[in-house]
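Hi everyone, thanks for making time this morning. I'd like to walk you through one structure, so please have a look at it with me.

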Amino acid sequence: MAFLSCEEMLAAARSQKITLAEAVLRSDLEESRLTEAHSRAAMRHLWQVMQATSQEYDPTQRSRSGLSGGDAAKVEQAWQQGRLLGDDYLAAVTAEALKTAECNACMKRIVAAPTAGSCGVLPAVLLPLARAGQADEDAVCDALYVAAGFGQVIAARATLAGAEGGCQAEVGAASAMAAAALCNLKGGTPEQCAAAAAMALGNLLGLVCDPVAGLVEVPCIKRNVVGAVNAVSCANMALAGVDYAIPCDEVIDAMGRVGSLLSPDLRETGQGGLAATPTGVKIARQLAQED
């Protein structure tokens with residue numbers, strides 16, 4: 001995809017009188033030289049992997065460190081017992097974000113969306129809708145094209161790497177992608193999709209990357225839940241007609257600048273933030289001794 005700005009992406013949809021998903025698809029075909037059939041088949045495969053990751057989740061499995069595993073099952077059990085706040089969709093989004101992120105920590109197959117550390121956000125908001133019959137495979141794949149379009153612009157204008165921009169570049173970007181995907185799935189305009197993405201990324205601006213013991217587990221897994229729930233709220237606001245004062249491209253540029261200002265200790269080194277707390281340091285030492 002060759003779009004260097006969200007505005008360019010939206011303008012392509014307007015000028016060609018096509019959907020935002022089609023604009024992203026056409027741009028991808030020009031760059032990749034794939035046929036439309038091959039591109040759509042690849043996107044369907046990614047969606048199938050997202051579904052398989054959830055279906056193959058094992059609540060008894062733990063990561064090698066022992067820091068993660070089984071939490072998604074706890075959420076599902078509490079949901080079934082009526083002990084959670086919010087509706088069924090919110091509970092499902094929470095559980096699904098945990099499932100995929102836990103599977104990543106347990107070295108199982110996931111879709112990096114856009115990164116492994118943020119892999120739970122996008123599937124979490126889409127899987128419950130598909131299972132409830134509110135989105136068929138074609139609609140989901142169109143939403144994934146929209147998500148990919150915004151993700152590509154973020155990569156081009158800023159970064160998707162926690163080591164370069166902090167967790168705002170990973171979970172923040174994933175949240176923006178998921179918000180735009182949801183907005184598109186619910187019939188939002190391209191402009192509403194951009195507003196949803198801008199709000200989602202703006203809400204997580206400055207989020208640091210501080211993995212305890214250098215592992216993509218604490219606090220990464222729970223931040224996937226935050227990214228997913230943030231995406232839902234931002235999509236809802238955009239669909240309701242709530243605008244964002246700062247254009248999406250400017251939010252992305254701001255994220256890139258904020259990332260460059262973050263201390264190296266807060267960019268995936270495991271030297272600052274939660275990783276530097278007494279408990280975080282203790283966990284790192286215990287795991288180092290075990291190795």
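Now the ground rules. This is a predicted model, so local features need pLDDT of at least 70 and side-chain atom pairs count only at pLDDT 80 or more, while totals for chains, interfaces and linings use all residues. Residues are numbered from 1 along each chain as its sequence is written, and side-chain values use heavy atoms, with hydrogens and water left out.

Let's begin with the backbone. Most residues other than glycine have a negative phi, and most peptide bonds are trans. Where are the exceptions here? A213 has a positive phi, near 60 degrees, and its place is the loop between α10 and α11. When I say helix, I mean a DSSP run of H or I with at least four residues, numbered from the N terminus. At 30% relative accessibility, A213 counts as partly exposed. E268 also has a positive phi, near 70 degrees, and sits in the loop between α12 and α13, the latter being residues 278-290. With 40% relative accessibility, E268 is partly exposed.

Then there are the cis peptide bonds. One runs from A113 to P114, with omega near 5 degrees, and P114 belongs to the loop between α5 and α6. Another runs from V218 to P219, with omega near 5 degrees; P219 is in the loop between α10 (190-203) and α11 (220-239).

Nine of its eleven residues are buried, so α6 is largely enclosed by the rest of the structure. Which ones are they? The buried residues are V121, L122, P123, A124, V125, L126, L127, P128 and L129. What covers them includes α3 (36-55), α5, α7, α9 and α11. Just after α6, G133 takes a positive phi of about 75 degrees.

Of its 81 residues, L122, V125 and F150 touch the most other members. Helix α9, residues 171-185, gives the most to this core, with eleven residues. And what does L122 touch? Leaving aside neighbours within four places in sequence, L122 is in contact (heavy atoms within 4.5 Å) with M50, A113, L144, A147, M177, A178 and A181. You'll remember A113 from the cis bond to P114.

Now for a helix pair. Two packed helices are described by the angle between their axes and the distance between the axes. The axes are lines fitted to C-alpha atoms, for helices over the stretch in contact, and angles run from 0 to 180 degrees between N-to-C directions. α9 and α11 pack at an angle of about 40 degrees, with axes 8 Å apart. Among the residues that meet are A178, A179 and L182 in α9, with G227, A231 and A235 in α11.

Finally, the charges. Side chains of opposite charge can pair when their charged atoms come close. I count a salt bridge when a side-chain nitrogen of Lys or Arg is within 4 Å of a carboxyl oxygen of Asp or Glu. How many salt bridges does the structure hold? Eleven.

D71 pairs with K74, the closest N and O atoms being 3.5 Å apart. Both lie in helix α4, residues 71-80, three residues apart, about one turn of the helix. D71 is buried at 19%, whereas K74 is exposed at 55%.

K99 bridges to E76, with 3.0 Å between the closest N and O atoms. K99 lies in helix α5 (residues 88-105) and E76 in helix α4, so the pair ties together parts that are 23 residues apart in sequence. K99 is buried, at 8% relative accessibility, and E76 is partly exposed at 22%.

D253 and R157 meet in a salt bridge at 2.8 Å, N to O. D253 is in helix α12 (residues 248-261) and R157 in helix α7 (residues 137-157), so this pair ties together parts 96 residues apart in sequence. To finish, salt bridges that share partners join E76, E96, K99 and R131 into one network.

Key. Helices (H or I, at least four residues) and strands (E, at least two) are DSSP runs, numbered from the N terminus. Buried means under 20% relative accessible area, exposed over 50%, partly exposed in between (1.4 Å probe, protein chains only). A nonpolar core is a set of buried Ala, Val, Leu, Ile, Met, Phe, Trp, Tyr and Cys residues joined through side-chain atoms within 4.5 Å.
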